[in-house]
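Hi,

Here is the structure I promised to pass on to you. Have a look at it first, and then read on for what turned up.

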Amino acid sequence: MRDMSTHTSPSGPPPRGIAEPPRLPREQMLRVHELMLEGRVLEERLIRMQRQGEGYFWIGGPGEEAFNTVLGLLVKKGRGVDYDYLHLHYRSSATLLAMGAPSIDALRQMHNTATDPYSRGRNFVGHFSKREWNVTPVSSPIEVQYAIAIGTGLAQRRHGGDGLTIVQGGDAGTAEGDFASSLVWASRPGSELPMLIIVTNNQWGISTAASTQHGEKLIADRGKAFGMRTATCDGNDVEASWQALSEAMAYVRQTRKPFVLEAFVSRLYGHSSSSGSNYVSEEIDCLVELEKVLERRGWRSAGECKAMREDIEARMQGWYKQVLSEPHPKPEDAFDFVFADRNIVGES
Amino acid sequence: MATVVQAVRMALHVGEAKLGVTDIFGEDVGPPLGGVFTASQGLKTAWNSPLDERGIVGAAIGLALAGQRPVAEIQFCDYAYNTIDLLKIAGNTYWASAGDWNVPMTLMTPVGAGIHGSIYHSHSFDAQATRIPGWKIVMPSNPRDAYGLLLSAMSEPNPVMVLLPKALMRARAETPDEMIPGEPEDARELRQRIDAPIGDRSGWEPDWPDTALERIPFGKATILREGNDVSVVTYGRLARVAMKAADQLRESEGISCEVVDLRSLHPYDWDAILASVRKTGRVLFLNEDTEITNFGEHLVRRTCDALFGELRIAPRLHAGAHLPGVGLADALEDASVPTLESTLAAMREAARAPEVGRSKRDVPVVVKKKPAFDFTLDPRELGTPIVTREVFGRSLRYRG
């Protein structure tokens, strides 16, 4: 069980940003809100599906929507070394949605249907893969993406251009050696890599508080020992996330050097369905915070937000019903895709 | 006439010149050393990595995903154990993403005993490697196979592991068939053309011979010796040992052994195994990895499934002892992995054992002479007596 009394960051409360971040234009904020809302409704539907026996396991990213939505909107989306590579983790649904992935595909993966475009019923929900957008396959180990990202960074360093490699994981995974590998390899003298190394710090590893395991004040500080630019941001704040990500991305695109960005986020439904997946009211809810801002600025009222939520929930219900009618894989499908017969990734 | 390591180097040159290889990398792989076995001297795309095996495998996966064609090296397979979950990811990416991403990477690593490498430079990796689905796995026993299998690896859309028997790195072709098409016959000429000079090599460039782009397909075994009395199915360093043993047994005892060199462990040439075992009715699987959950055990099981009624004796496995390491001293290494002497004994016994159904027991012939090596320590030092028991016809000794 989670003990909220231990819920503090190693250095006290998460930094909230030294200065007020610049305001985003109204239309941009409304678009972010719409995406975050769909992301939240999606995750809540996925949780319900697991509880109803329509999926075996839930894991996802409610609480990371502000930061992850902004990330998805700022990505240079496309295929190949001219575009950004994304090595994400299993809390990245809002990033995919912001990039344009339909919610129904996440429902398909939850229900392990044959129509699941990410794994055809082979993998847990949130384990995305989309070569068309350089989204490399998400796998359950929480650290391996930091080692694999080195390779796309190497390819992009050689290629030039302004495409970068984005790798993201949680705070607990940084205890693994692969995080250190990414710091070492990204900062080899004269061979620095265009990598944006992101840690979304929710201060938990399943049931273990980061404050009981990590002596470093900030995970981002580890980048400083390698001569890297680093920053932290309030990942629950859309505008702070926008500013931090924009600056970090611009730095990596222009200098072709690595950057470590640590974003403080919430974990609103616990680790996964295995830990109950109940709403944690003690943590900051980035969606609630954004809706307060929108109302305060007179851009979207509470009533409008409620109506929008109901509309998205109705659409989600339709997609959910459709997914329930779609076929599951057949036993013989297990034997597909063991070996490739052509070099797909090598095709231009 | 190339050594195995020169064959590897020439294949890597063809890889970067003609097959689109973009990166040949690992610890000490690039200049000035060009690999601890010299496998990557003089190559244009060779570079040194940090001393970080997980980083090496991760980088290779990422390079492959980005459309590059990497060849990564783990300096000794003994140091690949901390990469197992990344090897698993390389093997499952195509499957897990349902065909969205393939991983065209090659991983080379020296394997096995035979050079007095002690505990961390003597281990085998074939049992581990064959337990990671999604990889193609090869293990050459001569320069021609090393060259041709590596060319196939660098042309593959899938991850390929090339296990190089380190004790064979300096071995040369024993027959014209084992020579590389296009290589100079004169070993000295080849050495002068492609081996980096001692000392300052900053201005040196290799003069690559025009070797042919002739691949050896995966999943095709080769028959090193033809015979009728017993089949020996093997690969890597022990393929050479089995050849020598077969020659000795033929000359001195009139025993006719067929030696099948699998070359590929996955996919493997089941048809070749079937054909040979059907012919002889007796089979010995031979490799140097530890014997429990050994790849040869899988082949024993499959042989039983397919050929039980046709076998004249129970299929046998001669493999490394299930010990935590390969010891440095001669006696310890010889006690840990098959030797020429133990292989001769195993092949002789398999050839001469009474046939199933014609004898009271299907057991190996008990060798009367003192065994070449002793698995036990001196009991006087331990103060415990040695107990001898007959188990399935074998005389086993253990401390009581």
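In this predicted model, the interface of chain B and chain A holds 19 residue pairs in polar contact, counting pairs with both residues at pLDDT 80 or more. On the side of chain B that touches chain A, β1 (23-26), β2 (46-48), α2 (53-65) and α3 (84-96) each supply at least two residues. The largest share comes from α2(B), with 10 residues. Sorted by class, that side of chain B has 20 nonpolar, 15 polar and seven charged residues.

As for charge pairing, the count between chain B and chain A is four salt bridges. One of them joins the side chains of B:Arg54 and A:Glu143, at 3.7 Å from N to O.

Now to the extent of the interface: 42 residues of chain B are in contact with 42 residues of chain A. Together the two chains bury about 3,300 Å² between them, and carbon and sulfur atoms give 63% of that area. B:Tyr94, B:Trp95 and B:Trp101 supply 20% of the area that chain B buries against chain A, more than any other three residues.

Is B:Ser49 buried or exposed? B:Ser49 counts as buried because its relative accessibility is 12%, and the cut-off for buried is under 20%. Leaving aside residues up to four places away in sequence, B:Ser49 touches A:Trp185 in the other chain, along with B:Phe25, B:Gly26, B:Glu27 and B:Ile56.

Technical notes. Residues numbered from 1 in each chain as written. Chains lettered and ligands numbered in written order. Predicted model: local features only at pLDDT ≥ 70, side-chain atom pairs only at ≥ 80, totals over all residues. Heavy atoms only, no water. Contact = heavy atoms within 4.5 Å. Buried area = accessible area lost by both parts, 1.4 Å probe. Polar contact = N/O pair within 3.5 Å; in protein donor to acceptor, adjacent residues only side chain to side chain. Helix = DSSP H or I, 4+ residues; strand = E, 2+ residues; numbered from the N terminus. Nonpolar A, V, L, I, M, F, W, Y, C, P; charged D, E, K, R; others polar. Buried < 20%, exposed > 50% of the residue type's maximum accessible area, 1.4 Å probe, protein only.
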